[in-house]
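Reader: I'm new to this one. Can you walk me through it?

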Amino acid sequence: MKKHSFNAVIVFLLALMISSCGTVPLGKAGLQGEGTLAAVRDLTGAYEKRDLDSFMDKISLAYPDREGFGKSVEKIFSTYQTIGLKLHFTKILVMVQDKGNIKATFTWEGEWKTTGGKIVKDGARVTLVFDPGTYKLLAIDGKNMFIPSDSPAPARQ
């Protein structure tokens, strides 16, 4: 009888230890952080696919000179047939404030190719500002990753 109660205690302790190792559900800030990462991926994915309508759907109506930005991106899409962006998510900083916008700061590298063989490489550190309710892009602080420079900084090889 003692052996059965000892086994029951061991099983109970193992079950308790396993249940204590479970993950804690994300709180509001964690969910907003995940939403922000998804927004960045969706935005850059639409850009790399050169899908202007989908890309512009992810840009807030409050974005400064949204119409001009859309025309610039449309020109990029007509000039370059292949676009590749590499985002360094290992060093991303997502700031979710109690009140206000969400900011995602990270380093990126881009490569734009024409059918004629011209290749433009660019990259920098940037902060994308998102609306916390819609996860739409409100602003870009730093080098605009969607408009390559005429004289870009050398990209890392």
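Author: The model is predicted. Take H4: Phe69, Gly70, Val73, Ile76 and Phe77 are its buried residues.

Reader: Where do they sit around the axis of H4?

Author: They share the same side of H4, because their arc around the axis is only 120 degrees.

Reader: And which residues are exposed on the other side of H4?

Author: Glu67, Lys71, Lys75 and Ser78 are exposed there.

Reader: How far apart are the end C-alpha atoms of H4?

Author: They are 20 Å apart. H4 has 14 residues, 66–79, and at 1.5 Å a residue it should span 20 Å, so the two agree.

Reader: New topic. How many aromatic pairs does a search of the whole structure find?

Author: Eight. One of them is Tyr47 with Phe77: the ring centres are 5.4 Å apart and the planes lie at 50 degrees, so this pair is tilted.

Reader: Which parts of the chain does that pair link?

Author: Distant ones. Tyr47 is in helix H2, residues 28–48, and Phe77 is in helix H4, 30 residues apart.

Reader: Are Tyr47 and Phe77 buried or exposed?

Author: Tyr47 is buried at 0% relative accessibility. Phe77 is buried too, at 6% relative accessible area.

Reader: What about Tyr63 and Phe69?

Author: Their aromatic pair is stacked, with 4.8 Å centre to centre and 25 degrees between the planes. Tyr63 is buried at 9% relative accessible area, and Phe69 is buried at 6%.

Reader: Which residues form the aromatic cluster?

Author: Tyr47, Phe55, Tyr63, Phe69, Phe77 and Phe146 form one cluster.

Terms used
Residues numbered from 1 in each chain as written. Predicted model: local features only at pLDDT ≥ 70, side-chain atom pairs only at ≥ 80, totals over all residues. Heavy atoms only, no water. Helix = DSSP H or I, 4+ residues; strand = E, 2+ residues; numbered from the N terminus. Expected span 1.5 Å × (residues − 1). Buried < 20%, exposed > 50% of the residue type's maximum accessible area, 1.4 Å probe, protein only. Arc of directions from axis to C-beta. Phe/Tyr/Trp six-rings, centres within 6.5 Å; stacked < 30°, edge-to-face > 60°.
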